[in-house]
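Welcome! Have a look at the sequence and the structure, then read on.

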Amino acid sequence: MIEINNNQPHNLHFFAASAFDWAQTTPERDLREVMYIMEKYNHSYNLYLVPVPHDTPYEINFYQPQVEGTQWLGFFEVKGK
């Protein structure tokens, strides 16, 4: 199990995607900020843990990172205000 905190290792990142938008963690943007970005427009999204640094190029297919070892963490349904 991977511990999620603000001091995450730089050899992985979180990637969130909806049909309308996407965001990822970086050394300057933590997971809470990514979730805020995705939720502010009321779009539900999927969240993934991607086992490569955030600046590694990789394919996205149907809103999913195409990286071996990527873990789907769940679907987050955002309800309108």
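## A pair of facing residues

Phe-14 stands opposite Leu-49, which belongs to strand 3. Strand 3 (residues 45-50) and strand 1 (residues 13-17) run antiparallel and are joined by 5 bridges. Strands here are DSSP runs of E with at least two residues, helices are runs of H or I with at least four residues, and both are numbered from the N terminus. Two strands count as paired if DSSP finds at least two bridges between them.

A word on what you are looking at: this is a predicted model, in which local features need pLDDT of at least 70 and side-chain atom pairs count only at pLDDT 80 or more, while totals for chains, interfaces and linings use all residues. Residues are numbered from 1 along each chain as its sequence is written, and side-chain values use heavy atoms, leaving out hydrogens and water.

## The sheet and its helix

The protein has 1 helix and 6 strands, and from the N terminus on they follow the pattern β-β-α-β-β-β-β. An open sheet takes in 4 strands in the order 2-1-3-6, with antiparallel pairing. Its edges are strand 2 and strand 6 (71-76), each of which pairs on one side only. From one strand to the next, the twist averages 15°.

Helix 1 (residues 31-39) packs on this sheet, touching strand 1, strand 2, strand 3 and strand 6, and its direction makes about 170° with that of strand 2. Such angles run from 0 to 180 degrees between N-to-C directions, with axes fitted to C-alpha atoms, for helices over the stretch in contact. Contact means heavy atoms within 4.5 Å.

Is Gln-24 buried or exposed? Gln-24 has a relative accessible area of 13%, so it is buried (buried is under 20%, exposed over 50%, partly exposed in between, using a 1.4 Å probe and protein chains only). This residue sits in strand 2 (residues 22-24).

## Two aromatic pairs

The model holds 2 aromatic pairs. In one of them, the ring centres of Phe-15 and Trp-22 are 5.8 Å apart with planes at 20°, so the pair is stacked. Rings of Phe, Tyr and Trp (its six-membered ring) pair if their centres lie within 6.5 Å; planes under 30 degrees apart are stacked, over 60 edge-to-face and the rest tilted. Phe-15 is buried, at 4% relative accessible area.

Tyr-45 and Phe-76 are also stacked, at 5.3 Å centre to centre with 10° between the planes. Because Tyr-45 lies in strand 3 and Phe-76 in strand 6, this pair ties together parts that are 31 residues apart in sequence. Tyr-45 is buried at 0%, whereas Phe-76 counts as partly exposed at 27%.

## A loop with positive phi

Most residues other than glycine have a negative phi. Phe-62, in the loop between strand 4 (60-61) and strand 5 (64-65), has a positive phi near 50°. Tyr-63 is in the loop between strand 4 and strand 5, with phi near 70°. Phe-62 is exposed at 72% relative accessible area, and Tyr-63 is partly exposed at 46%.
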